[in-house]
There are 4 protein chains.
Amino acid sequence: MTAVGAPAARTFTLTLSCPDRVGIVAAVAGFLAGHGGWIVESSNHADAGSGWFFTRQVVLADSLPFDRAELVRRFADIADRFAMQWQVSDSAEPKRAVVLVSLQDHCLYDLLHRWKARDFAFDIACVISNHDTLRGFVEWHGIPYFHVPVTADNGEAAHAEVLRLYREHRGDVMVLARYMRILPPAVCAALPGRILNIHHSFLPSFVGARPYHQAYERGVKLIGATCHYVSEELDAGPIVEQDVIRVDHGDSVEEMVKYGRDIERTVLARGLRYHCEDRVLLHGNKTIVFR
Amino acid sequence: MTAVGAPAARTFTLTLSCPDRVGIVAAVAGFLAGHGGWIVESSNHADAGSGWFFTRQVVLADSLPFDRAELVRRFADIADRFAMQWQVSDSAEPKRAVVLVSLQDHCLYDLLHRWKARDFAFDIACVISNHDTLRGFVEWHGIPYFHVPVTADNGEAAHAEVLRLYREHRGDVMVLARYMRILPPAVCAALPGRILNIHHSFLPSFVGARPYHQAYERGVKLIGATCHYVSEELDAGPIVEQDVIRVDHGDSVEEMVKYGRDIERTVLARGLRYHCEDRVLLHGNKTIVFR
Amino acid sequence: MTAVGAPAARTFTLTLSCPDRVGIVAAVAGFLAGHGGWIVESSNHADAGSGWFFTRQVVLADSLPFDRAELVRRFADIADRFAMQWQVSDSAEPKRAVVLVSLQDHCLYDLLHRWKARDFAFDIACVISNHDTLRGFVEWHGIPYFHVPVTADNGEAAHAEVLRLYREHRGDVMVLARYMRILPPAVCAALPGRILNIHHSFLPSFVGARPYHQAYERGVKLIGATCHYVSEELDAGPIVEQDVIRVDHGDSVEEMVKYGRDIERTVLARGLRYHCEDRVLLHGNKTIVFR
Amino acid sequence: MTAVGAPAARTFTLTLSCPDRVGIVAAVAGFLAGHGGWIVESSNHADAGSGWFFTRQVVLADSLPFDRAELVRRFADIADRFAMQWQVSDSAEPKRAVVLVSLQDHCLYDLLHRWKARDFAFDIACVISNHDTLRGFVEWHGIPYFHVPVTADNGEAAHAEVLRLYREHRGDVMVLARYMRILPPAVCAALPGRILNIHHSFLPSFVGARPYHQAYERGVKLIGATCHYVSEELDAGPIVEQDVIRVDHGDSVEEMVKYGRDIERTVLARGLRYHCEDRVLLHGNKTIVFR
């Protein structure tokens, strides 16, 4: 069997964006080096059009003489000087995903496997569904399951309950893993850049309902899946990841639905991994993804 | 150097579509076998939704005791019985492409190379452009070049001239190889299923002008190209072939334009090959492509 | 939620291979049409090099006036005349997979989901492992689990027991879903064209142990997975399906192992689907796959 | 037509590798910022296994108060302190490619188009061939063409002449664009990391002659192409770029040869672009490619 190395060392990940100017990298790297910080990953992006700068620095926790809180305190001066939007995360505190599902469970199987196999660092805080059918499978994995029925009339109240559960379980990211209800604007607004959805088309093609039917009708030769952050406008939020697979004239809508699952699960999983590893920075309605 | 075999044997290619029912393949294969016809390729598609049947049969010419004209004459009975739309082509008469270009020449370089290298069986009857800049390159290859200027006012007359040249040079298929003018409805209507365009996006996303700019603005993670038959509605005709390549936040519009050329040329070339090898059958606004 | 149509109609699938000559399709299609057989899928392949012909015909069971046994009886004459290797399967009797696993469970999760979601028609007769760790998960799905320990000394005896279990549970295909033991020659020889393995490299690169380590050392820019039939020579049997994903200098062996799982599970699942749908015909050490 | 922006601003590109330790990025970025250097692209890679660090920094030339020579002079102190292997290139001096071809011209067509279309910054210093057949096409583009015949006996002398021409025309990189002769060890040794080859297989599969024949015989489901630096061992040098396309049982060797050209040309062109944009750093027999 393939041996999968020693546990990864504890790291702090600093991500930031600010107006671009001379000296940002020098200041950040100088600060870290001044405290002995050993950088294991470093990515930068300067967006010429908007004049904005983005960076992600991963530092070995043990190389610094202080903890995350002190790192944040000391870095604040530099952050102020460059008007940075920034955050520091700690690999010892993996992000907690709250997963929403309906009846289709291919993404759920996939996420539960990745969580169990430590495919990347994240926890599943709980699973919430508008149906009760997947309770047994989720609870078998030792993960709490909540059934929040959604009717034509109770959308706002039901999703207020979803949001309450998310907070009660200290969610860091909400994952719509083929959840077939539309979140009300209040929930979208409460968690900007924190709700990941998998849409079963190559956006911006085939927004909305039954995208495989739309794809079949148009006669496209590739079908796709898109992982994006949820915003108040349906299927229009910042795109994190996309992929496609080939279909042909012999494939019915039902077959497209089945083949599409293979990219839905991998695209959602990649998007969630990027998010949980702090690889995604928002830039208006677009994303920087430091892979 | 790789030896690329003996010249392919002469073949007749029969393509047909008709309402599906029991006995079509038996009738077609029985007819061919009754005359000693040796089938080297055979593809079938039954479309359950529409109840329509499609087939493509490639027969060795030498295995039949008669020529194409007699084959057509004798097959007519079966065709009538099953209400077939059908045609028979002869590999000894490769299709003649009339290629339209503007200033960008990546598809033109590619098509000229494929023609010269006998990548697949087709001839380039002539090249027509609304500019005169590519004359030297085309004429160096021994291919006639026509400059038909198109202004804001003369679109109909100019394209009537294009159509006249197409017919004078006995075109079988018109190839818009990054031709940046819109064909008037009369030309589209005159050549249904005979005009191939390469659109520089993954249709139906980003119809119309400047698709790479649209893709950049939307922040997609893959860009595409689409080869489709031209119909009167812009970028809405039957899709023949599509492909995509990955881009990321670091790619400017200019870079997308450059990277996109790589899929534009291969997608157009594949679409043209499928057309010239009689692999494409129309089915409403969709295509059957027997690859 | 996406509605996934009515249950598919019952079909018989006839697959055959024989020396190529004039009249095979005519005879087969004529036979079927003569009994009113409605063909819903039909694929053919003539291999020019070897002079061998292959076909797969899917017929609606209800369109024929007899059952599978009678179909087989009546077809035997034609089969004899053309010296065919042939078989007829019935969609009402889905193939029974016996799945072998070790400790890694990504392919197992994937196969169990596909079985539960009826992704394609197959049953999981039982799961056999050289470890006992996955018992709970498998049994939760209501599938029998057998622990057959394999030591350095008992390989032949242990796998004789595996073969006995396969037969006891009426297996049609054995699936090595990241099973990390090598089957003894006697088992390979007992089930030719019936054992599918997933190898975690793009064969023929990186045969044998630790292929991701080999890939890392060589510095390849894509890693792959290969689904193949098991033969007595290690990793050298007929290839059914392959795929690749991109890696770069930043990816460690551990990350390659993780990313590779995504293609291992889809490639194995596609290979198994092709097998269970009778899409794969053997031709020496190669496969015809009628997708 | 798509407008492809203003000409890119002049830049200096600093690439370096050295043993990893705390403070490298701080020193480099601090040096550049201290002189007002505006960084437009910045990529870093720390190789944990070997303890080696790699970086590529692209700086606007106009943001510095001195030219390339002075930049080199001043940076030498830092380079010494960290024991760096390093170089600085100037976008005003695009790399000069010397292209070697035999009879197949698909890569040549592609490279000439990219040069003419300014697809990326490079010049073609001259084309050298062991045949005289492509002279006209190359000279039409205004590029010098040299015919250096290679026989069974004169390999060393002929390639000494090739090397002389490379130097006379001030080549920066030698590109084997389907050149079908093997370079003698003396030439390989003279230009380490400066000779790019396109091999028509997915290395390490199918080393040596007739890789498509080998692929056909093995029955692989994808064929590939590999761009690598030439070393003295055949097809074993550091890999820069690879890609694959799908084939199936219906594809003959001849068709694989034809389809393979599409990836050969794009893979070679991508490899050359990475090289000319100083994106490739060597690390033993592997490459870091900062895309």
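Let's start with Cys126(B), which is buried, with a relative accessible area of 0%. Buried here means under 20% relative accessible area, exposed means over 50%, and partly exposed lies in between, using a 1.4 Å probe and protein chains only. Before I go on, this is a predicted model, where local features need pLDDT of at least 70, side-chain atom pairs count only at pLDDT 80 or more, and totals for chains, interfaces and linings use all residues. Residues are numbered from 1 along each chain as its sequence is written, chains are lettered from A and ligands numbered from 1 in the order in which they are written, and side-chain values use heavy atoms, leaving out hydrogens and water.

Back to the cysteines. A disulfide is a covalent bond between the sulfur atoms of two cysteines. For counting, we take a pair of cysteine sulfur atoms within 2.5 Å. How many disulfides does this rule give over all chains? The count is zero. Cys126(B) is in no disulfide, and its nearest cysteine sulfur, from Cys276(B), is 14 Å away. Cys276(D) is in no disulfide either, with the sulfur of Cys227(D) nearest, at 10 Å. Cys276(D) is buried too, with a relative accessible area of 7%.

Next, please find His35(B), in the loop between helix H1 (24–34) and strand S2 (39–47) of chain B. Helices (H or I, at least four residues) and strands (E, at least two) are DSSP runs, numbered from the N terminus. Is His35(B) buried or partly exposed? It is partly exposed, with a relative accessible area of 22%. Leaving aside residues up to four places away in sequence, His35(B) touches Ser63(B), Leu64(B), Pro65(B), Phe66(B) and Arg74(B). Contact means heavy atoms within 4.5 Å.

Now over to chain A and its sheet. Seven strands form an open sheet with mixed pairing, in the order S7-S6-S5-S8-S9-S10-S11. Two strands pair if DSSP finds at least two bridges between them. Strand S7 (145–147) and strand S11 (239–246) of chain A stand at the edges with a single partner strand each, so one side of each has no neighbour in the sheet. From one strand to the next, the twist averages 20°. Strand S6 (residues 122–129) of chain A runs parallel to S7(A), and three bridges join them. One bridge pairs Ser129(A) with His147(A). Across S5 (95–101), S6, S7 and S8 (173–176) of chain A lies helix H5 (residues 155–168), at about 130° to S8(A). Axes for such angles are lines fitted to C-alpha atoms, for helices over the stretch in contact, and angles run from 0 to 180 degrees between N-to-C directions.

Finally, how do the chains meet? A rotation of 180° with 0.0 Å of shift along its axis superposes chain A on chain B, with an RMSD of 0.0 Å. That is the relation of a two-fold axis. Copies are superposed by least squares on the C-alpha atoms of residues with pLDDT of at least 70 in both. In chain A, Ser205(A) comes closest to the rotation axis, its C-alpha being at 2.5 Å.

Between these two chains, 34 residues of chain A are in contact with 34 of chain B. Together they bury about 2,900 Å², with 51% of it on carbon and sulfur atoms. Buried area is the accessible area (1.4 Å probe) that two parts lose on being put together, summed over both. Arg218(A), Lys221(A) and His249(A) supply 25% of the area that chain A buries against chain B, more than any other three residues.
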